[in-house]
Amino acid sequence: MRLLVTLAALVLLIAVASLPASALSNTDLRRPTTDGVALALPSAFESEDHVVFGPEVSVTSSSVGSGWNFGSAGGSWYTWSYETLLDCVDLPLWPNDMANVRIVLSSEMCRNDPSIPLPPFMPPRDLEHCGTHIMATAKQGTPQGAPIAAARSQMRQWLSRFVSRDGELNQNMTPDTFIDLGDSSIYQFRTLNPRTLGLNGDSHLDLLALLKQSTYCLRDLAEPKVTYDNKQKPDNYRLEVRLQQTTHGFIDLKVQLISLLRHAPEISIEPLENATSRITWIGPNENAMSFSLATNQSKPEVLQVPTEFFAHDPLQFAGDITAHTVDYASFHPSVNITVDLQQGFAEAWATCRIYTLMELPRTYFFDPYQLSQQRRDGQLNADYKHYGTVELEKPAEAVSNWGSVIVLSQDLHQQHSSHINTLVPIHMRYRLLPIKEPTVGYHGEPTGSSHVDLILPPPVSAMVCLPAKPLSVPDTGSLFDKLRVRLALFEELGIVPTHSLKTAPDTDMLLRAPVPDATHTTLIQMSTATLMFAGALYIVYTVRRKVSST
């Protein structure tokens with residue numbers, strides 16, 4: 001018996017020694033736990049799921065372990081779900097009170113509608129601002145007051161180091177660019193170029209470069225390997241990155257990338273090395289064939305897609321929302337928001353509310369005291385929640401947070417109309433003289449400009465009906481759970497949309513703000529000093545004259 005054990009140990013030792021270095025490079029880097037014992041990670045701790053949702057696909061070839069080749073009769077939606085563990089010793093230390101981080105890059109509202117309908121797992125259009133949404137949530141049970149303030153401060157510091165390049169940190173991503181949202185979350189919003197959406201596309205979200213610069217990582221951050229139409233990259237529409245610390249101290253990373261594959265006779269998808277990979281084709285309806293295939297399979301497996309998966313039509317809008325700026329060149333403009341609901345939703349009005357979300361940069365602000373007074377006087381026909389700094393007299397350069405968010409809530413039963421009009425006042429912050437650098441709110445205008453123009457993100461609006469069950473992909477398995485899309489900011493606010501409102505094409509959110517001209521800085525400073533000196537002399541002269549006359 002002892003001889004058999006010895007022989008088995010020798011065989012195992014020889015097998016391990018004969019493995020190539022590349023097979024060990026992604027599994028033998030382990031950080032010891034607090035007790036000094038190294039963690040034994042499974043060989044396939046990294047996994048990916050490719051899902052193609054289209055009208056018709058045909059598999060042309062599929063070699064076991066080498067990837068998949070197929071053709072598409074029309075445009076297809078492609079979703080890549082990816083999960084791995086990060087363990088880079090030079091990453092910022094995860095704060096003790098931070099539960100998770102969520103980063104969403106969305107281009108749904110800053111580009112034309114695609115030529116094919118959205119699949120069920122995509123969010124309804126016009127429900128997510130085009131841009132980069134960065135959120136972090138504290139752990140449940142974190143008490144109010146000083147502890148939650150400390151937790152938020154740690155989350156701000158961690159995100160500022162993690163999502164920004166070192167050279168751009170001081171200028172574009174300081175910790176105070178986040179605002180407090182709700183009871184336990186912080187939030188930051190930034191516009192982006194929709195043509196560069198990707199893990200390594202946004203200049204302020206360079207995760208891939210950050211991990212490549214790290215000296216000790218389990219694995220570099222991967223990207224999907226898709227080749228089609230002369231090796232063009234997929235047309236990415238939405239990227240979501242979720243980070244969460246495991247009980248062993250690792251950082252669990254999950255990525256969801258939603259792309260559009262245009263019509264192509266041959267599409268090739270290559271699996272990642274040393275990862276569990278699977279591809280799934282889902283037909284356009286419950287009667288169409290759906291099947292999946294893993295890298296170690298040669299025969300496709302027929303997939304039974306639940307009927308509920310196809311129940312939601314994402315193109316069914318409850319109505320339109322139109323927004324126009326009033327007195328756009330004023331110091332105190334307003335935003336006129338008009339909601340026009342379709343008559344077909346009339347029977348649900350008794351149990352539904354309209355939520356409208358609007359964001360402002362720090363060059364403008366909502367006055368919550370004014371809104372509260374208008375609400376009491378009946379001038380504002382909506383309840384509201386305001387998030388952001390309330391510093392009414394500070395210039396834009398002195399405001400710590402990047403801006404503010406307001407959420408309007410309107411009970412449809414109380415409105416008694418399918419046409420709802422709301423006027424929301426906003427106010428412009430004055431800017432300091434651009435002596436050394438452009439002031440906050442500068443958008444590339446030439447030197448000497450008397451004003452700057454700004455186009456605000458349009459309000460996004462959704463209908464929420466209770467106690468109706470929210471329409472979502474049923475949790476029938478890991479595949480459909482990974483296809484779920486969590487809308488940026490809505491979930492953090494506890495809002496689960498039932499229907500969306502389509503942004504009207506005549507929406508106009510232009511604002512024009514006067515700004516000081518740096519070429520006149522010297523004249524202004526000399527004039528100010530002269531007037532102050534002359535005023536002081538006049539006061540002294542007046543006082544002495546009064547004293548001498550008495």
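Asp383 and Arg353 form a salt bridge, with the closest N and O atoms 3.4 Å apart. A salt bridge here is a side-chain nitrogen of Lys or Arg within 4 Å of a carboxyl oxygen of Asp or Glu. Asp383 lies in strand β20 (residues 383-388) and Arg353 in strand β18 (residues 352-361), so the pair ties together parts that are 30 residues apart in sequence. Helices (H or I, at least four residues) and strands (E, at least two) are DSSP runs, numbered from the N terminus.

The model is predicted: local features need pLDDT of at least 70, side-chain atom pairs count only at pLDDT 80 or more, and totals for chains, interfaces and linings use all residues. Residues are numbered from 1 along each chain as its sequence is written, and side-chain values use heavy atoms, with hydrogens and water left out.

## Salt bridges

The structure holds 13 salt bridges. Arg353 also meets Asp411 through a salt bridge. Arg353 lies in strand β18 and Asp411 in strand β21 (residues 403-411), so this pair ties together parts that are 58 residues apart in sequence. Burial is judged by relative accessible area: buried means under 20%, exposed over 50%, partly exposed in between (1.4 Å probe, protein chains only). Asp383 counts as partly exposed at 35%. Arg353 is partly exposed at 22%.

Another pair is Arg102 and Glu240. Arg102 sits in strand β5 (residues 98-106) and Glu240 in strand β10 (residues 235-245), 138 residues apart. Arg102 is buried, at 1% relative accessible area. Glu240 counts as buried too, at 1%. Both belong to a network of salt bridges that links Arg102, Glu128, Arg238, Glu240, Arg242 and Glu492.

| Salt bridge | Closest N to O |
|---|---|
| Asp383 and Arg353 | 3.4 Å |
| Arg102 and Glu240 | 3.6 Å |

## Overall make-up

The chain has 9 helices and 27 strands. Of its 550 residues, 47% count as buried. Contact means heavy atoms within 4.5 Å. Among contacts with a separation of 6 or more, 77% join residues 24 or more positions apart. The chain exposes about 27700 Å², and carbon and sulfur atoms supply 54% of that area. Accessible areas come from the Shrake-Rupley method with a 1.4 Å probe; for residues, only the protein chains shown count as cover.

## The open sheet

Eleven strands make an open sheet in the order β7-β8-β6-β5-β10-β11-β4-β1-β13-β14-β15, with mixed pairing. β7 (179-181) and β15 (301-302) stand at the edges, each with a single partner strand, so one side of each has no neighbour in the sheet. Two strands pair if DSSP finds at least two bridges between them. β1 (residues 47-53) and β4 (residues 76-86) are antiparallel, over 7 bridges. Glu48 stands opposite Tyr82 in β4.

Asp49 is placed in β1. Asp49 counts as buried, at 12% relative accessibility. Beyond four places in sequence, Asp49 touches Thr79, Trp80, Ser81, Arg278 and Lys482.

Ser277 lies in β13. Ser277 counts as buried, at 3%. Leaving aside neighbours within four places, Ser277 contacts Glu48, Trp68, Pro271, Leu272, Ala294 and Thr295. Leu272 is in the loop between β12 (264-270) and β13 (276-282). Leu272 is buried, at 7%. Leu272 and Gly67 are 205 residues apart in sequence and 9.2 Å apart in space, C-alpha to C-alpha.

## Strand β17

In β17 (residues 334-341), 6 of 8 residues are buried. β17 pairs antiparallel with β16 (residues 317-326) over 8 bridges. Ile337 in β17 is the bridge partner of Ala323. β17 also runs antiparallel to β22 (residues 419-425), joined by 7 bridges. Val335 stands opposite Val424 in β22.

## Nonpolar cores and a surface patch

A nonpolar core is a set of buried Ala, Val, Leu, Ile, Met, Phe, Trp, Tyr and Cys residues joined through side-chain atoms within 4.5 Å. The largest has 43 residues, of which Val101, Trp158, Leu159, Leu243 and Ile279 touch the most other members. Strand β11 (residues 251-261) supplies the largest share, 5 residues. Apart from this core lies another, of 33 residues, including Ala382, Leu412, Ile426 and Met428.

On the surface, Tyr538, Ile539, Tyr541, Val543 and Val547 form a nonpolar patch with about 570 Å² of accessible area together. Patch residues have over 30% relative accessible area and no salt bridge; like charges are joined within 9 Å, nonpolar side chains (Val, Leu, Ile, Met, Phe, Trp, Tyr) within 5 Å. Tyr538 lies in helix α9 (residues 521-549). Tyr538 counts as exposed, at 56%.
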